[in-house]
Amino acid sequence: MSGEGYRVLLQARSWSECLRAKGFTWEQIADVLALVHDVSPLRLYRLAHGRTARDVVALANDADPAGTASLREARLYDFEAGPGAGRRPPARLLVVLARIYQTTARSLVGGDDLASYRSADRDLIDGADFRAMDVNRPPSPDREHRVTMEETAEVRPVDKTTLDASACLRLLRATGVEEADVKRRELLFELALMLGGGRALEFLRVLTPGEEERLAGVLRATRRVDEATVRTFEKLTMHARQADDMYGPGTLLPVVNGHRVALERVLARESMAPVLHDRLLGAYAQLSQLSGYLAYDLLDYAAAEQALHGGLRAALDLGDPTLIGYLHCWLGNMAAYQDRSFTALDHALAARSWVARSPSRLLRAMNDSLLSTAHAAAGDVSASTRAHDNAVALANTPKDTEPAFLYWISPSMVERKATTSLVQLKQRGPALAAAQRSIAGLRPGFKRDRGFALVWYADALTLAKEIPEAAAKLTEAADIASQHSSARLTDQLTKSRAALEPWAGNTYVLQLDETLRARGLWRSGR
């Protein structure tokens, strides 16, 4: 095999592994490869399976114990040269290859070539169908057994992805727009497949061509992990974190999960220097936290719990008190949002011991803010106030020596969380003051944070019975929610509007309802 032929085979094998993991059948993978390789169907299926000609020859000869096949590599290449060139493969060999490739013999020949076979051979080819061997193929309809409302249909791998051949074509077109060079275009396509699909292209822009090559080599397992590769993973991790507010969880979550799965495979497969392993494990823990947070923002609590606990296990394996405390804090924040106050307090106290071992003052601010929320839920005003005051003071810490993933912690964030606790405690004046400080301290670009700050400001105004102002704040928040995929923001907005129900006939509330309906955020029957 030539060097170029081997490169094509390795690339096809890598693409195939990604697509199989997404639930693609062998037929679908062959269709995708046909978008970029103008070769015969026989060769497309071999590439889809990632097999060398020698592999296929051995399998074909083993499938014919009588030895009548006697297939050789040179002859297989000759058969693959068609249509319009080389030799025509015998019908019986097509049946053998169809079994190996788990497809139909008909799929391995072009229409013109099929017409050249005699009638008996065409019948043999038409009757050879081994697609049922493909584990990714959906089951055929069973007339004797249908899924009823009392039964749960099994979710097969093919149901797990919306990426299909047409989506791959769109991705190829997008890479064509990004890059004129054919080899780099194919490299971008491969990386995007491995790291979350078409949406990953946007995030790959931050990489240099050299970083792309190194990353692809490691993900294909043709290159060892080195210092530069670890820096690339860390760079993508931080970029994804900072892109959250711009793109929202709906867009970002598939990309983060793609990165996370790819990194998990590298960690499981590669042996590397302990210092490199620990840095990659830290990146994996961070990606797991981000994945959990994004799922939480979409109100998918089960997925969020799974990802956050996966990150916590990685952080414990790493022995990093800052990451351990951070993940406990996020588990506690999610529990608090679900009104699971004792679970929130449990995570806050668990985080406390780890925070004490961490040099990060910003993490202490986050932990104190969670403790303030948990104490407020328990009705302990003095403990909540003390924890809040500590959090505000610590959140003013300069970020120069702090972990990069804590960049978002600020006094404004602490005040925003305090607003909802103070409303819960019926502390009208302090709640309004905290809400005003939160809005005033918001940094530009934190769109979703502004949405939450406005919603909780509206809650404080509702508590103070300042209904026109509360409706105005919720109207502004509705504009943000309608442009963002945060289900949690929409949920909080709906709850805040429900608090205005005693004033449902108020002119300002009626105008708010019209805005919510126009934005698709309120039931049409209201």
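Author: Helices here are DSSP runs of H or I with at least four residues, numbered from the N terminus. The model is a predicted one.

Reader: In which helix does glutamine 492 lie?

Author: Glutamine 492 falls within the stretch of residues 487–498. That stretch is helix α26.

Reader: Is glutamine 492 buried or exposed?

Author: The cut-off for buried is under 20% relative accessible area. Glutamine 492 has a relative accessibility of 10%, so the residue counts as buried.

Reader: Which residues does glutamine 492 touch?

Author: Residues up to four places away in sequence are not counted here. With those set aside, glutamine 492 touches Tyr337, Phe452, Val455, Trp456 and Asp459.

Reader: What percentage of the residues of the chain count as buried?

Author: The chain has 526 residues, and a residue is buried when its relative accessible area is under 20%. By that cut-off, the buried share is 50%.

Reader: What share of the contacts with a separation of 6 or more comes from residues 24 or more positions apart?

Author: The contacts considered are those in the chain with a separation of 6 or more. Among these, residues 24 or more positions apart account for 64%.

Reader: Where do the buried residues of helix α2 sit around its axis?

Author: Helix α2 spans residues 26–34, and its buried residues are Trp26, Ile29, Ala30, Val32 and Leu33. They cover an arc of only 160° around the axis, so they lie on the same side of α2.

Reader: Are α22 and α23 roughly parallel or roughly antiparallel to each other?

Author: The axes of α22 (residues 411–424) and α23 (residues 428–441) come within 8 Å and cross at roughly 155°. Angles over 145 degrees count as roughly antiparallel. The two helices, α22 and α23, are therefore roughly antiparallel.

Reader: How do the residues of the contact of α22 with α23 divide by class?

Author: On the α22 side, the contact is made by Ser412, Glu415, Arg416, Thr419, Leu422 and Val423. On the α23 side, Pro430, Ala431, Ala434, Ala435, Arg437, Ser438 and Gly441 take part. Divided by class, the residues of this contact are six nonpolar, four polar and three charged.

Reader: Are α22 and α24 roughly parallel or roughly antiparallel?

Author: α22 and helix α24 (residues 447–463) pack with their axes 9 Å apart, at an angle of about 25°. Angles under 35 degrees count as roughly parallel. Therefore α22 and α24 are roughly parallel.

Reader: Which residues make the contact of α22 and α24, and what are their classes?

Author: α22 contributes Arg416, Thr419, Thr420 and Val423, while α24 contributes Asp449, Phe452, Ala453, Trp456, Tyr457, Asp459, Ala460 and Leu463. By class, the contact of α22 with α24 has seven nonpolar, two polar and three charged residues.

Reader: Is α15 roughly parallel or roughly antiparallel to α16?

Author: The axes of α15 (residues 249–269) and α16 come within 9 Å and cross at roughly 150°. This crossing angle makes α15 and α16 roughly antiparallel.

Reader: What is the handedness of the crossing in which α15 passes α16?

Author: Residues of α15 that meet α16 include Leu252, Val256 and Leu263, and those of α16 include Leu280, Tyr284 and Leu287. By class, this contact of α15 with α16 has 15 nonpolar, five polar and three charged residues. The crossing in which α15 passes α16 is left-handed.

Reader: What is phi of lysine 426, and is the residue buried or exposed?

Author: Most residues other than glycine have a negative phi. Lysine 426, in the loop between α22 and α23, has a positive phi near 60°. At 62% relative accessibility, lysine 426 counts as exposed.

Reader: What is phi of leucine 299?

Author: Leucine 299 is found in the loop between α16 (274–297) and α17 (301–318). With a relative accessible area of 27%, leucine 299 is partly exposed. Although leucine 299 is not a glycine, its phi is positive, at about 65°.

Reader: How far apart in space are alanine 356 and threonine 322?

Author: Alanine 356 is in the loop between α19 (341–355) and α20 (361–377), and is exposed at a relative accessible area of 66%. Alanine 356 and threonine 322 are 34 residues apart in sequence. In space, C-alpha to C-alpha, they are 9.3 Å apart.

Methods. Residues are numbered from 1 along each chain as its sequence is written. This is a predicted model: local features need pLDDT of at least 70, side-chain atom pairs count only at pLDDT 80 or more; totals for chains, interfaces and linings use all residues. Side-chain values use heavy atoms; hydrogens and water are left out. Buried means under 20% relative accessible area, exposed over 50%, partly exposed in between (1.4 Å probe, protein chains only). Contact means heavy atoms within 4.5 Å. The arc is that of the directions from the helix axis to the C-beta atoms. Axes are lines fitted to C-alpha atoms, for helices over the stretch in contact, and angles run from 0 to 180 degrees between N-to-C directions. Angles under 35 degrees count as roughly parallel, over 145 as roughly antiparallel, 65 to 115 as roughly perpendicular and the rest as oblique. Ala, Val, Leu, Ile, Met, Phe, Trp, Tyr, Cys and Pro count as nonpolar, Asp, Glu, Lys and Arg as charged, and the others, Gly among them, as polar. A crossing is left-handed if the near helix is turned anticlockwise from the far one by less than a right angle, and right-handed if clockwise.
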